[in-house]
Amino acid sequence: MGVLLDRFDVFAGGLWLTLQLCLLSATGALLLGTVVAALRISPVPPLRAVGTAYVTLFRNLPLTVVMFFAAFGLPALGSNADFLRIPGLDVVFDRLGTDLPYFRFAVIALTLYTASFVGEAIRAGVNAVPAGQAEAARSLGLTFAQNLRSVVLPQAGKAAVVPLGQAIIAMIKNSALAGFFGVVGDLSSVADQLTSVEGEPFLPVAVGISAGYLLMTVPVGLFLDRLEQRRAVLR
Amino acid sequence: MSVLFEVPGPRARRLTRIGSGVAAVAVAAAAYLLVYRPLADKGQFSPAMWGPLVDPSNESFALVWQRIGLGAANTLLAAALAIAGSLVGGTLLAVLRVQLRAAQSRRFAGLAAPVALLLRVLSRVLAAITRACVEVFRGLPVVITIFLAARGLPELGVSFELDLWYVVIGLTVYNMVVLAEILRSGMENLSRGQGEAAAALGLGTAQTTWTILLPQSYRIMLPALIGQLVVVLKDTSLGFIISYEETMVIAKQIIGNLGNPIQVYVVVGAGFVAVNHLLSALARHVQRRLAERPGR
């Protein structure tokens, strides 16, 4: 178990990098996912088709394929994802500004992939609002946007929280893939680095890595469980 | 029709048509300038890149598709084994957890006091252990469980000839726990009368679980089960971290020889989307059928 204490900085650094990746991708996925959900429930048929196509595509592709596309496709388009080098933001998230683009590619892939699940979670929340609410709003003469803003979305938020949380948990776990796609120093690449390159004993490293992921996923999961239970009583 | 908006009238339909037309032209122009031109300049649409994948007269065509077929077969094999394993393991785990929960409220009144106390402590401890296992394996990324299986099991003296088994074990451990939780919540959300009626007929806890609760829970969770199959199919592609020869590893080998990553991933991705979309459609269909059937 010595390696856990001796190399604590490596584990902590890995955890921090994974956390950075998750924070950035979660923000991106929530924003993009909201747009996707808006497309899917919009009154304009072509926009609905675009939203549906997006969700069908990204929900059914393995994240591995999305990551490969980010890693091979973007360079072929002549982009190193430099638009993510946002001044100011790269002070905290230092990997955003590096010359190696793999961290930025991983953020893009995770964002695109997770946005489809976030969009579906929000849409499920909207669908969970009783139809009478939207109908009443329409009969009062509210437009689509007014209806959403002041009647449907405030109620949809409650029903969407749990599926949204589950999408974020899944995203945290999916971020482990980044370590196998050239992102150096996140939790999963630390596992590989310490065991196969530096020859540290396997078991303690496995414990350390697992603890790192559980530290992020279990609290969110327990929080969601509690939320769900409280709601079940209320109903 | 959605309840969120009125059926669009003639003016809205006309606006939609005009707007879509303009947007389609704009998107096509952007796609041409930002996607097609850079790719075409790099020769990504050349026959040399696509030929092996789409042109039957190409010398590599037969071999490439033979390899992709092998990869697809391996993906399906790993997914089938993993889903079968998770179903068996998940059922056992769900039953165990329901039984342990039932045992916790029993007082074992007919037994001597020390034995009863021991049994009560034991049931609590076992319940806590299974709960912890569920939380741990639900919270770990599947890449990590596959990695742990491939590296950890040989360390513990369990090693397999085939990489397949590490992938299957890694996938099973995770999905077993997920399915167990779906099944368990299915059993606990059944109406109380089901369990009470079984008890009134004189069935024991185990009999009640196996003959009354579990079959109904299976029916409710059938759509979720098919949905999980989609997840498993996608996750078999994580086998690439230990070089299990599934579709993605084969794709990588082809790319290593022909140097056409974008084209190969387009083909492989299209295959995944097609199969998984069909499975999702099946899940929705089953769900609708179950919802229609009365007297659940």
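## Helices of chain A

Helices (H or I, at least four residues) and strands (E, at least two) are DSSP runs, numbered from the N terminus. By that rule, chain A has ten helices and zero strands. Its order along the sequence is α-α-α-α-α-α-α-α-α-α. Taken along the principal axes, the C-alpha atoms of chain A fill a box of roughly 70 × 50 × 35 Å.

This is a predicted model, in which local features need pLDDT of at least 70 and side-chain atom pairs count only at pLDDT 80 or more, while totals for chains, interfaces and linings use all residues. Residues are numbered from 1 along each chain as its sequence is written, chains are lettered from A and ligands numbered from 1 in the order in which they are written, and side-chain values use heavy atoms, with hydrogens and water left out.

## Where chains A and B meet

In the contact (heavy atoms within 4.5 Å), 55 residues come from chain A and 46 residues from chain B. The two chains bury about 4,000 Å² between them, 72% of it on carbon and sulfur atoms. Buried area is the accessible area (1.4 Å probe) that two parts lose on being put together, summed over both. Of the area that chain A buries against chain B, 17% is supplied by A:Asn60, A:Arg138 and A:Phe202, more than any other three residues.

Seven residue pairs, both at pLDDT 80 or more, are in polar contact between chain A and chain B. A polar contact is a pair of N or O atoms within 3.5 Å; within protein, one must be able to donate a hydrogen and the other to accept it, and residues adjacent in sequence count only if both atoms are side-chain atoms. On the side of chain A that touches chain B, α10(A) gives the most, with eleven residues.

## Salt bridges

A salt bridge is a side-chain nitrogen of Lys or Arg within 4 Å of a carboxyl oxygen of Asp or Glu. The rule finds one across the interface of chain A and chain B. A:Asp225 forms a salt bridge with B:Arg138, with the closest N and O atoms 3.9 Å apart.

Over all chains the structure holds eleven salt bridges. In one of them, B:Arg97 meets B:Glu181 at 2.8 Å, N to O. Because B:Arg97 lies in helix α3 (residues 61-104) of chain B and B:Glu181 in helix α6 (residues 163-189) of chain B, the pair ties together parts that are 84 residues apart in sequence.
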